Amino acid sequence: MTETVIDVIFDILVILLLISGAFFIISATIGVIRFPDVYTRLHASTKAATLGISGILIGAFIFLYANHGIISGKLILGIIFVLLTAPVSAHMIGRAAHSSGVEPWSKTGETRDEYAEIKNKGS
Amino acid sequence: MPLQIILNLIIAIMWMFLSESYQFTSFLTGFIIGALLLYLLQRFIPDAFYLSYVWKIIKLLFLFAKELVLSNVEIVKWVYKRGRDYNPGIFAMPTDLRTNWEITMLTSLISLTPGTLSVAISDDNNMIYIHAMDIDDKEEAILAIKDTFEKAIMEVTR
């Protein structure tokens, strides 16, 4: 009896994690389409996609452990590597965009960009 | 600190040999016993107790996870809101961290927190340039980063 209760709790946890992960990834995709420029799109793609992927991988980990008794180290490693690489790649893409002269979008029309000011002063 | 880690590992392996069961669980028991011994004898061993560093690292990881979830809620709000009621821009933030390792940690933390994304680092490692979704509350963002992340990273590395 108690075993079935625990199974149901694990199932609900897995379902919640998978659904929230998929939701965050879909939100990231919509954000990439809706946001106005490179930098804001990077916001959407790095943050939401990272959490979405980790949610799905944690869900898969719990599913494998609860239903098959497997402790999968690969899934944990996957989460760690996504967490390590996503911010670095976002930083590189943002820097590359800025050095190739992409101006940040601004609502009021006047861009506020302290990095460009300092770069212009130096040259 | 390396001395303590080696001592702890030696105690764990000795425990494994003494109990004559060469499995991971007995290694773990030995490791816990070693940590306990080191904790009791910390006055006679140079340097502070090394597991306190580990504890600080774990706290940093939890902080990271919390900020990640919060930032996602924020981004999802912006994604589904009608119109564009944000005003992005790039601002500069002075930092007290010096080594490459610390700055890498700080930029990753910044990139995964609400509304901020590190874009560049100045050549002398003094300034981090951050793209913010809402530049109007940049003072707040600078204070928050300085208060939470810089402090947490400094506790781990210094």
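## Interface between chain A and chain B

Between chain A and chain B, eight residue pairs are in polar contact, with both residues of each pair at pLDDT 80 or more. The side of chain A that touches chain B draws two or more residues from each of helix H1 (2-34), helix H2 (38-68), helix H3 (73-99) and helix H4 (114-122) of chain A. Of these elements, H2(A) gives the most, with 10 residues. Sorted by class, that side of chain A has 18 nonpolar, 11 polar and seven charged residues.

The model described here is predicted. In this model, 36 residues of chain A are in contact with 41 residues of chain B. The size of an interface is often expressed as the accessible area lost when the parts come together. For chain A and chain B, the buried area is about 3,400 Å², and carbon and sulfur atoms give 66% of that area.

## Annotated transmembrane regions

An unreviewed UniProt entry lists residues 12-36, 48-65 and 71-90 of chain A under "transmembrane region". The span 48-65 of chain A is 100% helix and 0% strand in the model, with its end C-alpha atoms 26 Å apart. Residues 71-90 of chain A are 90% helix and 0% strand, and the C-alpha atoms at the ends of this span are separated by 31 Å.

For chain B, UniProt lists residues 22-41 as "transmembrane region", again from an unreviewed entry. The model gives this span of chain B as 85% helix and 0% strand, with 27 Å between its end C-alpha atoms.

B:Thr148 belongs to helix H5 of chain B, which comprises residues 138-157. Is this residue buried, exposed or partly exposed? B:Thr148 counts as partly exposed because its relative accessibility is 34%, a value that falls between the limits of 20% for buried and 50% for exposed.

Two relations place B:Thr148 within chain B. The side chain of B:Thr148 reaches the backbone oxygen of B:Ala144 at 2.7 Å. B:Thr148 is also 8.6 Å from B:Leu63, C-alpha to C-alpha, while the two residues are 85 residues apart in sequence.

Conventions
Residues numbered from 1 in each chain as written. Chains lettered and ligands numbered in written order. Predicted model: local features only at pLDDT ≥ 70, side-chain atom pairs only at ≥ 80, totals over all residues. Heavy atoms only, no water. Contact = heavy atoms within 4.5 Å. Buried area = accessible area lost by both parts, 1.4 Å probe. Polar contact = N/O pair within 3.5 Å; in protein donor to acceptor, adjacent residues only side chain to side chain. Helix = DSSP H or I, 4+ residues; strand = E, 2+ residues; numbered from the N terminus. Nonpolar A, V, L, I, M, F, W, Y, C, P; charged D, E, K, R; others polar. UniProt positions renumbered as here; feature names shortened; annotations may be inferred. Buried < 20%, exposed > 50% of the residue type's maximum accessible area, 1.4 Å probe, protein only.
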